[in-house]
Amino acid sequence: MSRSIVRQSKFRHVFGQPVKTEQGYDDIRVSKVTWDSSFCAVNPKFLAVIVESSGGGAFLVLPLSKMGRLDKNHPLVTGHAGPVLDIDWCPHNDNILASGSEDCTAMVWQFPDQMGTRPISEPIVVLEGHSKRVGIITWHPTTRNILLTAGSDNLIIIWNVGTGEPLITMDDHPDLIYNVCWNRNGSLFCTTCKDRRLRVCDPRKREVVAERMAPHEGIRPMRAIFTRDGNLFTTGFTRMSQRELGLWDPTNFEEPIALLELDTSNGVLLPYYDPDTNMVYLCGKGDSSIRYFEITDEPPYVHYLSTFSSKEPQRGMGFMPKRGVDVSKCEIARLYKLHDKKCEPIAMTVPRKSDLFQDDLYPDTAGPDPALEPEEWLEGRDEDPILQSMRDGYVPPKSRELKVAKKNVLDSRPTTRRRACLLRCCLSSSFNNTASFWELRTQIESEMYSYFGLI
């Protein structure tokens, strides 16, 4: 009598469970823009969702504790002149978020721990360098203040948001860029493009170091992410429009490590990866399910674990950083599923009987402290993320100052153009046009401008 051998894995019984209704976020009008973005970003402090708005673009920022029905007077972030396409929280400061829009700009915002009641329309930094819409925003995983943007002008620009200056520009892509993902230490990033090529780029050398033509034979959009071991996990479509996933070694692109067909649905599969557990969660837009897999060194290398299913399809998805999960409940991941008018957190849990801290489930994870400064990274240094223990859980700090070697505009008090104009009018009307008064005016104007962060 033969017995089937079941693969041993501590994640084999992971299950997804939505929170109670009162612990969700209701009355949120999720954006209907036709762009394959997640429309949602989350960290241990805040939830941000791109929402419908008239006369420009807007997104919503909510403290995680503000659950239930959304207050009608809750302020929106309305600085963009066109629809917002992508948002991303800074991994090194839970109060900083970057956004990209159809108005060809990227903006960086800072939010207080206690949100006010007025709409927020003045970003700290406006990044202008793209000639078409900015559809991809992603922060560097280990270096302070480094932000990557990609636009429909096929350009990739890497910025130092502390100075508002572009550091690196790459124009190696002949067509629309579908997605960009940094590797674990930020030395490389991978891209997928409408020309059906998967590329691995070295930004500091400004060159493509590896590429693969058509890792998936279908012409529909692909996605690619780096795994902990430096391999590439991809999602795409076959020639017969079946959804497919693949695992690739970028040093040998000839044959895939693994290639697996899934189903015939139309939605692009968005992968969310947890390097601590080596698990990947696949969320398709328009799907009502979340599949999750474990990546190992043993054949078939990508192991299907299970599927979380619900009745309603998802418009987008947010993925909580590992430091934001609840270790007391053996929660290893938390996803924030967007419906048409609400956001529903879904906890991924490993069933354990003990209430003690589970060391095997929670290795040290990437913390909020950056490992490098922008100058060090540009000079060629690479560092892995600075890790922190999960034993006592994670308590977000009330405020984090951005410390940089040179003056950082993110540390200054934000100002508005209107305040600057009023200041000039005030100064000009207060003094006569004499030499002594002009000297005094110049001194006061310089001090006031420095205080408001204009210079």
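The dialogue below goes through cores, cysteines and aromatic rings in a predicted model.

Tutor: Residues are numbered from 1 along each chain as its sequence is written, and side-chain values use heavy atoms, with hydrogens and water left out. In this predicted model, local features need pLDDT of at least 70 and side-chain atom pairs count only at pLDDT 80 or more, while totals for chains, interfaces and linings use all residues.

Student: Why is phenylalanine 46 called buried?

Tutor: Its relative accessible area is 1%. Buried means under 20%, exposed over 50%, and partly exposed in between (1.4 Å probe, protein chains only), so phenylalanine 46 is buried. Tryptophan 89, at 6%, is buried too.

Student: What makes phenylalanine 46 and tryptophan 89 a stacked pair?

Tutor: Their ring centres are 5.4 Å apart and their planes 15 degrees apart. Rings of Phe, Tyr and Trp (its six-membered ring) pair if their centres lie within 6.5 Å; planes under 30 degrees apart count as stacked, over 60 as edge-to-face and the rest as tilted. Phenylalanine 46 is in strand β4 and tryptophan 89 in strand β8, so the pair ties together parts 43 residues apart in sequence. Strands (E, at least two residues) and helices (H or I, at least four) are DSSP runs numbered from the N terminus.

Student: Why are tryptophan 248 and phenylalanine 253 called edge-to-face?

Tutor: The centres are 6.4 Å apart, which is within the pairing limit, and the planes are 65 degrees apart, which is over the edge-to-face limit. Tryptophan 248 is buried at 1% relative accessibility, and phenylalanine 253 at 8%.

Student: How do you know that cysteine 190 is in no disulfide?

Tutor: The nearest cysteine sulfur, that of cysteine 181, is 4.9 Å away. The structure holds 0 disulfides. Cysteine 190 is buried, at 0% relative accessibility.

Student: What makes lysine 285 a charge over the ring of phenylalanine 39?

Tutor: Lysine 285 lies over the ring face, 3.8 Å from the ring centre. The rule asks for NZ of Lys or CZ of Arg within 6 Å of the ring centre and within 35 degrees of the ring normal. Arginine 220 sits over phenylalanine 237 at 4.7 Å.

Student: Which residues touch the most other members of the largest nonpolar core?

Tutor: Of its 33 residues, these are Ile28, Leu47, Phe59, Val61, Phe111 and Tyr336. The largest share, 6 residues, comes from β4. Such a core is a set of buried Ala, Val, Leu, Ile, Met, Phe, Trp, Tyr and Cys residues joined through side-chain atoms within 4.5 Å.

Methods. Disulfide = S-S within 2.5 Å.
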